[in-house]
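Thanks, everyone, I'll keep this short. Please look at the screen while I talk.

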Amino acid sequence: MERRTIGAAALSVGAVGLGCMPMSWAYSASRQRGDESLRAVHRALDLGCSLLDTADMYGPFTNELLVGRALKERRADAFVSTKVGLLVGDQHIVANGRPGYVKRACDASLRRLQTDVIDLYQLHRADPEVPVEETWGAMADLVRAGKVRALGLCAVGARSGRRAGARLHDTTIRQLERVQQVFPVSAVQAELSVWSPEALEALLPWCEARGVGFLAAMPLGNGFLTGTLTPGEGFEPDDLRARHPRFTAEMMAANQPIVAGLRRIAARHGEAVTPAQVALAWVLAQGRHVVPVPGTKQERWVTQNAAAARLTLSERDLAEVGALPPALGSWE
């Protein structure tokens, strides 16, 4: 697979990564099977999808344990990205950016992942009670201690509550400017997809101008852009899409023209090409510093996603994607 570079440290990863969260958190608990997920991780590594993205809060903790089972056998094949800064409680999630906690959390993640070093350690969310520079400084200490190779920041991404005229990622960019003064940012993770392209406005250019890698989260729109979801079919109660405004039957039906457009483009590239692959190829086309991280727990989708790295969209294809109707429905 094509390799791409993350950040000034020139960390090399496969052009398409693997989001591990669905294997143990947030999506359809009845379909979460450890052995099946483990096979998906091994398949990803076989295909060169070396970036494995997880977090201590996924589960919580069980996702890192699962990834650790694979790393025990294949550490040299993998680029490990995990996150710190969020704690999961009963019906709530809170931020914790205290330096002491960050260092303890890193040691715990290393144990669960069965590795001596984390390739990319990301701040999941800044703690409003702790200056972000203090949290970032503690993370930088982990790099100096040899426990972490590089640091990343996850975008805030809140669409609601912004002041008039503010762009989606203005808060994230302000945080990035602050932490860059403490220790270099190697990567930013934020949502980017055909139906959520807001990062193109300011955040992606910010990263490109500074040699910062961009990990595109949810590049398949939580599964919608694959064309495999049926409006009105419903989701399991624990599935995050069950409470998501864009995944009501009405909104899913209203946004079908987006999938239809991807399907038309896919058909021009051959019968085996899918809407999901077109959606991923579009993300890949946004810059050499961009690495989409589609989440899945099944081998067949890992295989399909990896093949998107070989799909080159023409100018006509890219123009057609750009002309697709904007997604309807709130994303919050």
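Let's begin with a term. Two rings of Phe, Tyr or Trp make an aromatic pair if their centres lie within 6.5 Å, and for Trp the six-membered ring is used. By that rule, this structure, which is a predicted model, has 4 aromatic pairs.

Take Trp195 and Phe224. Their rings are stacked, with 4.6 Å from centre to centre and 5° between the planes. Where do Trp195 and Phe224 lie? Trp195 is in the loop between strand 10 and helix 6, while Phe224 is in the loop between strand 11 and helix 7. So the pair ties together parts that are 29 residues apart in sequence. Buried or exposed? Trp195 is buried, at 3% relative accessible area. Phe224 is buried as well, at 2%.

Trp195 has another partner, Phe247. This pair is edge-to-face, at 5.8 Å centre to centre and 75° between the planes. Phe247 sits in the loop between strand 11 and helix 7, so its pairing with Trp195 ties together parts 52 residues apart in sequence. Phe247 is buried too. Now put the rings together: Trp195, Phe224, Phe235 and Phe247 form one aromatic cluster.

What kinds of residue line it? The count is 10 nonpolar, 1 polar and no charged.

Next, charges. Side chains of opposite charge can pair when their charged atoms come close. How many salt bridges does the structure hold? It holds 20.

Here is one of them. Glu2 bridges to Arg288, and the closest N and O atoms are 2.2 Å apart. Glu2 lies in the segment before strand 1, and Arg288 in the loop between helix 9 and strand 12, so this pair ties together parts that are 286 residues apart in sequence. Glu2 is partly exposed, with a relative accessible area of 28%. Arg288 is exposed, at 54%.

Another bridge joins Arg39 and Glu299, at 3.5 Å from N to O. Arg39 is in helix 1 and Glu299 is in helix 10, 260 residues apart. Both ends are partly exposed: Arg39 at 44%, Glu299 at 34%.

One more bridge. Glu177 meets Arg210, with 3.6 Å between the closest N and O atoms. Glu177 belongs to helix 5, Arg210 to the loop between helix 6 and strand 11, and they are 33 residues apart. Glu177 is partly exposed, at 34% relative accessibility. Arg210 is partly exposed at 39%. Bridges can also share partners: Arg268, Arg316, Asp317 and Glu320 are joined into one network that way.

Last topic: cysteines. How many disulfides are there? The count is 0. Look at Cys20, where the nearest cysteine sulfur, that of Cys49, is 11 Å away. Cys20 is buried, at 0% relative accessibility. Cys49 is buried too, with 2%.

To recap: one aromatic cluster that includes Trp195, 20 salt bridges, and 0 disulfides. Over to you.

Conventions. Residues numbered from 1 in each chain as written. Predicted model: local features only at pLDDT ≥ 70, side-chain atom pairs only at ≥ 80, totals over all residues. Heavy atoms only, no water. Disulfide = S-S within 2.5 Å. Buried < 20%, exposed > 50% of the residue type's maximum accessible area, 1.4 Å probe, protein only. Salt bridge = Lys/Arg side-chain N within 4 Å of Asp/Glu carboxyl O. Helix = DSSP H or I, 4+ residues; strand = E, 2+ residues; numbered from the N terminus. Nonpolar A, V, L, I, M, F, W, Y, C, P; charged D, E, K, R; others polar. Phe/Tyr/Trp six-rings, centres within 6.5 Å; stacked < 30°, edge-to-face > 60°.
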